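Trainee: Could we go through this chain together? I would like to begin with one of the loops.

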Amino acid sequence: MGNTVSCCVSPNGSPKLPRQVERLEDYQINTDLSDDTGPYLQHISDREVPDDLAVESNPSDHARASTIFLSKSQTDVRDRRKSNHINHVSPGLLSKKYSSCSTIFIDDSTVSQPNLKSTIKCVTLAIYYHIKNRDSNRSLDIFDEKMHPLSREQVPDDYSRTDPEHKLIYRFVRTLFSAAQLTAECAIVTLVYLERLLTYAELDICPCNWKRIVLGAILLASKVWDDQAVWNVDYCQILKDITVEDMNEMERHFLELLQFNINVPASVYAKYYFDLRSLADDNNLSFPLEPLSNERAQKLEAISRLCEDKYKDLSRVAMRRSFSADNLVGIRRSNAVLS
């Protein structure tokens, strides 16, 4: 009865709800303004995302958004399957290996340690589908190979109209990765930066700019991912005819177009890895499978025992902390019954 919000008091004493709403809005505004000056600072990846782009629609920032290269490749995959069905083309001999009772095949390529050669093949295949199934030819002068050539050889007149083959893209990327000694994880981050550039800057990777865009993405990924990144002058030793000033300018433009958002969440990295595996299965690019040897089996068993002992110790500590009196309550474990 003494509560001022009670229904038993007079109408004149009832609280004014609109005034409380206004005070609540003022409080929310004040707290929003104090976030920048308080101890909590927003991460740069959250601040640099363009306002006009929905986070869910950008695959390089959000793990739930589907990758662009996988959607572009589905058109060719469906056409190939339809053509094989109409023409009654047999798939041929099965090249995929399967485990049996006597032999077990294992895949050494994991999300934490991908296979370098297979990953580069998949990444270059994704770039190939980007070029082949592009929407238009939107580009910038900084990435135009005619204005900024990578070699002294004369660029052909039809360089902007002829799509490169997958083998050409693979040889270009493999040469850079081999000379700079880059890892397979760097190749996945390269693809993330490439699609982020196409989304942020609203560009298309096409025959006239694919080499410089890929080079810029590799340059940035090697500096962000690897602890001992190569310098720009090291790439000038690989590509003999390019200058350091050109590399610096291209890197600066690349970062500005990315709005300096070089963050790659673990969920986004894992999504790109598994989408690359799906791309490999759709295009008959199998990852290497090796039979399980006795030595490898012993190593796997030793690792599993080490992890099992570690988790047992952690579970025991958790059990002891959960009991209020260890001396009064005993831990009973029932024996497993195998039927």
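Mentor: Let us begin with glutamine 259, which lies in the loop between H9 and helix H10 (266-282). Please keep in mind that this is a predicted model.

Trainee: What is the phi of glutamine 259?

Mentor: Glutamine 259 is not a glycine, yet its phi is positive, at about 55°. Most residues other than glycine have a negative phi.

Trainee: And which other residue in that loop has a positive phi?

Mentor: Phenylalanine 260, with a phi of about 60°, and again this is not a glycine. Phenylalanine 260 also belongs to the loop between H9 and H10.

Trainee: How accessible are glutamine 259 and phenylalanine 260?

Mentor: Glutamine 259 has a relative accessible area of 30%, so it is partly exposed. Phenylalanine 260 counts as partly exposed too, at 43% relative accessibility.

Trainee: Let me step back to the fold. How many helices and strands does the chain have?

Mentor: There are eleven helices and two strands. In sequence order the pattern is α-α-α-β-α-α-α-α-α-α-α-β-α.

Trainee: What share of the contacts joins residues 24 or more positions apart?

Mentor: Taking contacts with a separation of 6 or more, such pairs account for 81%.

Trainee: And how much of the chain is buried?

Mentor: Of the 339 residues, 33% are buried. The accessible surface is about 22,600 Å², and carbon and sulfur atoms hold 52% of that surface.

Trainee: Back to H9. At what angle do the axes of H7 and H9 cross?

Mentor: The axes of H7 (residues 210-225) and H9 (residues 244-257) cross at roughly 80° and come within 10 Å. H7 is therefore roughly perpendicular to H9.

Trainee: Which residues meet there?

Mentor: On the H7 side they include Ile213, Leu219 and Lys223, and on the H9 side they include Met247, Met250 and Phe254. By class, this contact has nine nonpolar, one polar and four charged residues.

Trainee: Which residues have the most contacts inside the largest nonpolar core?

Mentor: They are Ile205, Val214, Leu215, Tyr235 and Leu276, in a core of 61 residues. Several helices supply at least two residues each, among them H3 (68-86), H4 (116-132) and H10. H6 gives the largest share, with ten residues. In soluble globular proteins, nonpolar side chains tend to be buried together.

Trainee: Take valine 214 from that list. What is it in contact with?

Mentor: Leaving aside neighbours within four places in sequence, valine 214 is in contact with Ile127, Phe172, Val173, Thr190, Leu194 and Ile205.

Trainee: Is alanine 221 buried or exposed?

Mentor: Alanine 221 has 0% relative accessibility, so it counts as buried. Its place is in helix H7. Not counting residues up to four places away in sequence, alanine 221 touches Cys186, Val189, Thr190, Tyr193 and Asp226.

Trainee: How far is the C-alpha atom of alanine 221 from that of leucine 182?

Mentor: These C-alpha atoms are separated by 9.6 Å, while the two residues are 39 residues apart along the chain.

Methods: Residues are numbered from 1 along each chain as its sequence is written. This is a predicted model: local features need pLDDT of at least 70, side-chain atom pairs count only at pLDDT 80 or more; totals for chains, interfaces and linings use all residues. Side-chain values use heavy atoms; hydrogens and water are left out. Helices (H or I, at least four residues) and strands (E, at least two) are DSSP runs, numbered from the N terminus. Buried means under 20% relative accessible area, exposed over 50%, partly exposed in between (1.4 Å probe, protein chains only). Contact means heavy atoms within 4.5 Å. Accessible areas come from the Shrake-Rupley method with a 1.4 Å probe; for residues, only the protein chains shown count as cover. Axes are lines fitted to C-alpha atoms, for helices over the stretch in contact, and angles run from 0 to 180 degrees between N-to-C directions. Angles under 35 degrees count as roughly parallel, over 145 as roughly antiparallel, 65 to 115 as roughly perpendicular and the rest as oblique. Ala, Val, Leu, Ile, Met, Phe, Trp, Tyr, Cys and Pro count as nonpolar, Asp, Glu, Lys and Arg as charged, and the others, Gly among them, as polar. A nonpolar core is a set of buried Ala, Val, Leu, Ile, Met, Phe, Trp, Tyr and Cys residues joined through side-chain atoms within 4.5 Å.
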